[in-house]
Amino acid sequence: MELSGKTILQLRKRLGDDWEDLAVYFDIPRERRKAFRPGRETDEIVDWLREREWLGKLAQALEAIDRNDLLPLLEKGSSSNPRPAQQTPWPRSPFLGLRRFNPEDALIFCGRYRETKQLVDKLKRTDPAHRFIAVVGASGSGKSSLVAAGLIPQLQANGIAGSQDWPCVEFTPGGAEGDPYPTLTARLEPLLCAHGIREREIIQTLRGEHGFGLIELAERVLSGCPSHAELLVFIDQFEELFTLTEEKHRQPFIRLLTRTSRASRVRIVVTMRADFFHRCLDYPGLDRLLQEGSYPLGPPGPGALYEMMTGPAAVAGLSFEDKLVDRILGDIGTEPGALALMAFALHELYEARTEDGHLTRAAYESFGGVQQAISQRAENTFKSLEAVAQGELERVFRELVQVDERGVATRQRAPLATLGDGVAAQALVDRLVDTRLLVRTPGEDGRSMVEVAHEALFRTWPRLAQWIQDTADEHRLRRQITQLAAYWNDHNRQDEHRWPDGRVVEAVAMMERLKLGPADFTDLERDFLGPLDPASMLATLDEHDTPHRQRAIIGVRLALLGDPRPGVGLRQDGMPDIVWCDVEGGEVTLEDGAGTFSVKPFRIAKYPVTYGQYRAFLNAEDGYRNPEWWQGLWVDRPPEEPGRQFKRYSNHPAENVAWVETVPFCRWLSVKLACHIRLPTEWEWQLAATGSDQANSYPWGLEWEENRANTCESEISSSTAVGMYPKGESLGGISDMSGNVWEWCLNEFDNLENIDLAGDARRVVRGGSWDGDRTSARAAYRNFSAPGGRGSSIGFRVVCASPI
């Protein structure tokens with residue numbers, strides 16, 4: 001027997017690192033092996049065999065080292081492709097790009113002969129430890145294709161005695177809305193409908209408490225099959241169990257798998273990314289299955305890559321330009337995911353083939369070769385779209401990518417209807433599907449589902465990779481919200497497990513960055529997050545039935561996000577922004593025979609002075625510490641420290657403020673706004689509270705109404721932001737005249753006519769507060785406090801005495 005130079009060349013390229021096994025088979029001395037020329041080891045082995053006239057033993061040796069795929073090279077006139085010759089060439093591209101190989105593609109699935117045989121041999125073993133096999137490898141190593149186009153066709157060809165009779169179900173565990181059971185149910189139903197078992201019964205059986213449901217259903221599936229038949233369950237992209245499946249479904253589903261793995265007539269094969277292996281170790285039972293049933297799949301060597309190029313080309317009647325295969329092999333490199341890059345580049349090369357099926361170097365270089373094929377195709381496709389469709393890129397891909405706590409991006413399926421907005425998003429998806437960068441498939445519920453063809457797109461398209469990197473934190477936060485919402489729901493929606501108000505800014509920033517709206521969250525997630533949009537929050541306040549607790553939450557969140565309401569914060573120059581309400585003059589009669597007073601028209605602030613406004617005074621260089629503002633008071637200098645603000649939100653009323661501290665504030669603000677600002681007298685206050693109608697017991701009318709004020713009946717037990725009860729405003733549009741915080745008035749309580757600022761007599765407070773009941777919240781109710789007294793339920797409001 002003699003081998004031609006062409007045969008030796010092909011053996012060298014396709015044998016790859018397996019030359020070492022061949023050398024060991026023939027007992028070639030170690031010293032001789034060390035002398036082999038690097039890259040020419042196969043040639044050296046052939047020379048060694050030729051010296052001993054052992055070339056005839058080469059076929060037997062190749063079989064022994066599981067390289068039967070190379071046997072056709074030794075037969076005179078055989079092609080380089082180990083597959084049976086076809087009567088007609090393969091009718092379409094033999095290079096699938098980023099799409100995986102399926103059973104119908106078995107003829108063009110080349111380069112994994114050894115791995116396929118090892119999987120079949122592993123599955124042949126009947127002991128329980130080999131009824132569950134996990135093909136584990138890096139992203140882009142070809143795990144799914146190995147099972148779908150390697151193992152399954154071998155089983156269909158009776159690779160294991162009787163395996164041609166094995167029914168097979170395939171699914172991914174991410175399922176619909178994080179639930180793997182409906183997807184598995186949809187795959188089992190065609191096998192069970194002949195037995196009168198439909199969807200509802202299937203899913204109920206699968207969800208059975210003890211985890212034996214799949215075994216029971218497998219027996220029904222196999223009841224009409226030969227006794228040697230078994231059910232093959234192929235779970236692709238097993239990592240979805242940790243990225244997409246909800247926790248409440250994950251543990252029961254794992255129990256279902258561990259119980260099923262012990263069955264005598266069920267085989268389970270899963271494919272999983274290696275970087276998720278550690279997640280399996282957290283689940284008892286699953287860790288054992290992975291320990292005993294793992295099949296590590298490494299990247300293909302040079303010989304396998306050579307076969308992956310030349311084998312399918314031969315089936316399709318294609319030819320490579322001289323040395324182009326070597327050029328591609330040199331460009332591939334050893335980085336993870338190189339197989340996916342090569343596959344896409346070969347598809348692009350096929351698209352640029354000559355009329356006679358020749359694959360040229362010029363065509364290869366035109367799209368940037370292996371390293372740039374995906375990125376160039378993606379970018380060119382993107383730039384060919386109209387601007388409105390380009391604008392949908394982030395909205396589409398935010399639904400198709402998931403980023404874990406390590407910042408690693410994984411793909412996820414999403415209904416087409418959820419990807420962006422209308423026609424523009426559809427145009428983007430259609431073009432990316434046409435270029436095989438996205439895949440569109442029918443879902444179990446009839447909806448079109450879309451997913452990224454391969455995760456290599458996340459790494460190799462710079463535009464997309466940069467967006468993922470820039471928004472990784474937002475993607476993680478979005479994922480956390482889903483998980484925490486489920487946890488909150490499982491714990492009876494207790495407040496301590498709700499999304500904290502202090503993190504509302506994070507949530508809103510995430511929504512803006514990912515271009516999310518309320519409709520992009522589930523009902524549960526919306527309930528968990530609470531209100532997020534200032535406009536919708538303010539609209540909610542106008543609804544009479546909005547609970548007190550919700551109003552308090554809205555106030556805090558408005559403060560965190562930046563309360564947009566006039567009169568609540570500061571002007572652009574840093575001064576308090578006061579919205580003035582006009583009050584007509586009239587006569588006011590006070591309770592307890594305190595007297596009747598004639599009131600001239602005046603203006604009063606719509607809201608109590610807020611903490612943000614009072615803080616401007618505290619922080620101003622000429623503010624709280626300025627002795628000028630304290631002249632003529634019964635204390636001639638400011639206290640060592642101002643009162644502590646208990647609710648430290650800028651839109652909440654300033655609280656814990658003594659009467660003697662309000663006067664300096666009014667003096668300071670009078671100078672800044674160039675008008676006379678002071679505290680109201682209690683008769684002015686009462687006239688404003690009743691809307692100039694003395695018959696009104698409350699600002700809104702005659703009778704108490706529960707959802708119009710923050711009093712002790714609200715059970716909030718603290719102040720809220722100002723203006724949280726629009727329905728509780730007076731007829732003049734003045735807020736918080738009932739409840740929330742007591743408000744200082746200018747005059748003394750006992751000697752009403754005395755408004756001497758120097759006196760230390762007790763001063764009037766009006767309006768009730770959050771810790772007082774509805775009686776004290778009446779418009780006419782009089783109360784008092786010492787002018788130096790502070791309290792968490794005492795604030796103040798100002799009037800503008802001139803100019804009118």
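This is a predicted model: local features need pLDDT of at least 70, side-chain atom pairs count only at pLDDT 80 or more; totals for chains, interfaces and linings use all residues.
**Helix packing and aromatic contacts: a guided look**

Visitor: Is α16 roughly parallel or roughly antiparallel to α18?
Guide: The two helices pack with their axes 11 Å apart, at an angle of about 20°. Angles under 35 degrees count as roughly parallel. Therefore α16 and α18 are roughly parallel.

Visitor: How many nonpolar residues does the contact of α16 with α18 have?
Guide: Good one to check by eye. From α16 come L305, M308 and M309, which meet L339, M342 and L346 of α18. Leu and Met both count as nonpolar. With no polar and no charged residues, the contact has a nonpolar count of 6.

Visitor: Which word describes how α9 lies relative to α10, oblique or roughly perpendicular?
Guide: Helix α9 (residues 180-192) packs on helix α10 (residues 199-206) at about 125°, with the axes 9 Å apart. The roughly perpendicular range is 65 to 115 degrees, and roughly antiparallel starts over 145. The angle therefore makes α9 to α10 oblique.

Visitor: How many charged residues are in the contact of α9 with α10?
Guide: On the α9 side the contact uses Y181, P182, L184, T185, L188, E189 and L192, and on the α10 side E199, I202, I203 and L206. Glu belongs to the charged class. Alongside 8 nonpolar and 1 polar, the charged residues number 2.

Visitor: How does α27 lie relative to α30, oblique or roughly parallel?
Guide: Look at residues 504-514 for α27 and 548-561 for α30; the axes come within 9 Å and cross at roughly 60°. Roughly parallel would need an angle under 35 degrees. So α27 is, relative to α30, oblique.

Visitor: How many charged residues does the contact of α27 with α30 have?
Guide: Here V504, V505 and V508 of α27 meet R557, L560 and L561 of α30. Val and Leu count as nonpolar, while Arg counts as charged. Next to 5 nonpolar and no polar residues, the charged count is 1.

Visitor: Which residue lies over the face of W659?
Guide: Let's turn to the rings. The charged end of R353 sits over the ring of Y350, at 3.9 Å from its centre. Over the face of W659, at 3.9 Å from the ring centre, lies R763.

Visitor: How many aromatic pairs does the structure hold?
Guide: One aromatic cluster is formed by Y614, F617, Y624, W630, F665, W668 and F796. For the structure, the number of aromatic pairs is 28.

Methods:
Residues are numbered from 1 along each chain as its sequence is written. Side-chain values use heavy atoms; hydrogens and water are left out. Axes are lines fitted to C-alpha atoms, for helices over the stretch in contact, and angles run from 0 to 180 degrees between N-to-C directions. Helices (H or I, at least four residues) and strands (E, at least two) are DSSP runs, numbered from the N terminus. Contact means heavy atoms within 4.5 Å. Rings of Phe, Tyr and Trp (its six-membered ring) pair if their centres lie within 6.5 Å; planes under 30 degrees apart count as stacked, over 60 as edge-to-face and the rest as tilted. A charge sits over a ring if NZ of Lys or CZ of Arg is within 6 Å of the ring centre and within 35 degrees of the ring normal.
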